[in-house]
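Please read the following explanation with the sequence and the structure side by side. It goes from the parts of one chain to the meeting of the chains, and then to some local details.

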Protein chains: 2
Amino acid sequence: MSNQAPHPALLIPGPIEFDDAVLQSMSHYSESHVSAPFVNTFGETLTMLRKLFQTSDPASQPFVISGSGTLGWDQVAANLAEPGDDVLVLHTGYFADSFADCFETYRVKATQLKAPIGDRPQLAEIEKALKEKDYKLITVTHTDTSTGVLSELKDLSELVHRVSPDTLLIVDGVCSVGCEEIRFDDWKIDCVITASQKAIGCPAGLSIVMASGRAIERFQARKTPPTSYFGSWKNWLPIMKNYEAKKPSYFATPAPQLIHALHTSLTQILSRPLEERFRIHREASQKVKKAVTDLGLKQLASKPENQANGMTAIYLPEGLSPPEILPTLLKKGVVFAGGLHKEIAGKYIRFGHMGVSVTDPARGDIDRALEYLKEGLAEVKKV
Amino acid sequence: MSNQAPHPALLIPGPIEFDDAVLQSMSHYSESHVSAPFVNTFGETLTMLRKLFQTSDPASQPFVISGSGTLGWDQVAANLAEPGDDVLVLHTGYFADSFADCFETYRVKATQLKAPIGDRPQLAEIEKALKEKDYKLITVTHTDTSTGVLSELKDLSELVHRVSPDTLLIVDGVCSVGCEEIRFDDWKIDCVITASQKAIGCPAGLSIVMASGRAIERFQARKTPPTSYFGSWKNWLPIMKNYEAKKPSYFATPAPQLIHALHTSLTQILSRPLEERFRIHREASQKVKKAVTDLGLKQLASKPENQANGMTAIYLPEGLSPPEILPTLLKKGVVFAGGLHKEIAGKYIRFGHMGVSVTDPARGDIDRALEYLKEGLAEVKKV
């Protein structure tokens, strides 16, 4: 059914399983990064990203740069904040700590608003925090890959625009873009950063960003120059505009093979209604979460409204650690991830259910994974 | 002969033509970035880089990070210099201006020592400059991709170590690593930055760096924290050490498919003596340069000792511009690049001769390109 060599199903919260056509695009013959065919492919890719983010505002600006999701943080910290600025970081797991670290590197003062593990900061707390200081921007991790906690964007945006209208709303969508609904224009988001290897379904190696017209204006009105070179929008903005206008342009060499793979995955994603894609991910997630509950296991994200649709972070039974169960599951043919949240890493595993593993039912990845999990737990307990 | 779809031979100074097996590795099925097989592949890749750079000093440290060659500049500026430091940038073309720009972004004071177009700064001038200020580091572009000018590393290193022994020697080897000899240990180089898509023969998307033990010590003795997050060695050093020790580790998600392709290309390169590889590149370069001279054309790099072995920058006949000749060559089946040096961009073209196009004579890429160039010039002149 697949041209790929036999391998265990990769069901971690990214990288995910890739479609054959996407992997085939990775082998595209070599092209000049300024040749007409490649410029066309890159330009179309940028335009398709607008559709994925549901933005029709021509002032919105997509960026695709060689790197990883992490480079998106650098782009935000170095382009949308200036040294000395205050920013508010909503904390739902490991990735908020790291994003705050990134801000501090660029001499931006990050204040974290934390929630207990498995929960997210509440709107009332956020409102209180926003009123305490003049925050240049607020960041929220849409799905925190370390905990599987989902944040709510629509109500958050309404709150931010009501209470602190000059504060830019920045979304870390590394583990959500492509599997969770994001209405960039309707929800008045200023910037979403993401990566290629999760629900977008393209191999790792690309930092993907969508910035609003307001964010670009804020960037252009900086009093100080951007504080990164490779991540500087001063360097990349004209390049991205040129590529989308199908004009060759050079700042740093892009990765043609990865761009081809992204073009293929976006073409596949946009060939069907996005609403359907999000529904399929929600249904798969419900199935996983019900099965996990039926096995007597708890999730880190304790409330249904906090639970991501692209992954599930599962507490192991008391006394069982990831190194005891993951090799058993690997032997059966499925790869899950261990815990990542420092305080409880040894107590839970993470199951990613994004992309072709959920949209292509013929693969049977999710059903097999749930079966293996059940069998594996039974075997390990017996030992 | 090749599995790749028919396409014009890409003979620009990077990206270059890729071997079938390397492109095949780009389609590797998805793997976890912390799985044992991938950790093993990444670890072996780092160890192979030591051989490519001819370093056996265990204190030398390779880095492979998703990005482009440009990210190497950020790594140098953000890790090996501190805000306020003075650095000396030897200028042989476009890329020195950009490297200096990168330093300024990180608040490092860059002094450029320029040479006339097609030449390189002379040792006596460099000695004088080094004596004028306390430079924390000196940078040299081994091959400047905009001009095809080659810099000499061995004598430069001896000079720097004699005149200013505390100054780190940094080599921009983006267009030289894999086709020009670099004896990292013997020549006491402190840092070489490069990229995957040129003479290393792996698709674009990886920033590759080799740092000396002395550079790492300098980094570790910083008074201020690194000024980049994504490019911070504080974040990446433990990760690279762990991967090479075959231990899983996470800071930001690497690009498994690109690492597989790099593993394949390095395995191919190291399967034969490096000395032979450099000789083959020198011979191909001589052949190109002789043919260009026979056509009555001049090179930007005017002296034989200044001429790179991986590319040739060729002045067009008076009155002919790149847009007039490049489409003719493309139609015949070869892609050359236009000029890049701002002052004379409209007057020259660039011919890259690196990797499989020169090491695999069965391809006939170089001979065909020279033939097309001769025919193309004749046709265009007739018009």
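Domain bounds, as used here, come from an automatic or database domain assignment. On that basis chain A is divided into domain 1, made of 9-17 + 273-382, and domain 2, which covers 20-270, and the C-alpha centres of domain 1 of chain A and domain 2 of chain A lie 26 Å apart. This is a predicted model, in which local features need pLDDT of at least 70 and side-chain atom pairs count only at pLDDT 80 or more, whereas totals for chains, interfaces and linings use all residues. Residues are numbered from 1 along each chain as its sequence is written, chains are lettered from A and ligands numbered from 1 in the order in which they are written, and side-chain values use heavy atoms, with hydrogens and water left out.

If contact is understood as heavy atoms within 4.5 Å, then 30 residues of domain 1 of chain A are in contact with 31 residues of domain 2 of chain A. The size of an interface is often given as the accessible area lost when the parts come together. Buried area is here the accessible area (1.4 Å probe) that two parts lose on being put together, summed over both, and for domain 1 and domain 2 of chain A it comes to about 2500 Å², with 59% of it on carbon and sulfur atoms. Of the area that domain 1 of chain A buries against domain 2 of chain A, 22% is supplied by A:L274, A:F278 and A:N306, more than by any other three residues.

Side chains of opposite charge can pair when their charged atoms come close. A salt bridge is defined as a side-chain nitrogen of Lys or Arg within 4 Å of a carboxyl oxygen of Asp or Glu, and the count between domain 1 of chain A and domain 2 of chain A is 1 salt bridge. The side chains of A:K303 and A:D119 also meet in a salt bridge, at 3.0 Å from N to O. For polar contacts the rule asks for a pair of N or O atoms within 3.5 Å; within protein, one must be able to donate a hydrogen and the other to accept it, and residues adjacent in sequence count only if both atoms are side-chain atoms. By this rule, 13 residue pairs are in polar contact across the interface of the two domains of chain A, both residues being at pLDDT 80 or more.

Helices (H or I, at least four residues) and strands (E, at least two) are DSSP runs, numbered from the N terminus. Helix 10 (274-294), strand 11 (311-315) and strand 14 (348-352) of chain A each supply at least two residues of the side of domain 1 that touches domain 2 of chain A, and helix 10 of chain A gives the most to that side, with 5 residues.

We turn now to the two chains together. Between chain B and chain A, 56 residues of chain B are in contact with 56 residues of chain A, and the two chains bury about 4000 Å² between them, 63% of it on carbon and sulfur atoms. B:Y29, B:S30 and B:Y229 supply 18% of the area that chain B buries against chain A, more than any other three residues. The count between chain B and chain A is 0 salt bridges, while 13 residue pairs are in polar contact across this interface, both at pLDDT 80 or more. Helix 4 of chain B gives the most to the side of chain B that touches chain A, with 6 residues.

Some local details remain. Most residues other than glycine have a negative phi, and most peptide bonds are trans. The peptide bond from A:G14 to A:P15 is cis, with omega near -10°, and A:P15 is found in the loop between strand 1 (9-10) and helix 1 (20-25) of chain A. In chain B, the peptide bond from B:G14 to B:P15 is cis, with omega near -5°. Phi of B:K188 is near 50°, a positive value in a residue other than glycine, and B:K188 is found in the loop between strand 8 (168-172) and strand 9 (191-195) of chain B.

A search of the whole structure finds 44 salt bridges over all chains. In one of chain B, B:D85 pairs with B:K136, the closest N and O atoms being 3.4 Å apart.
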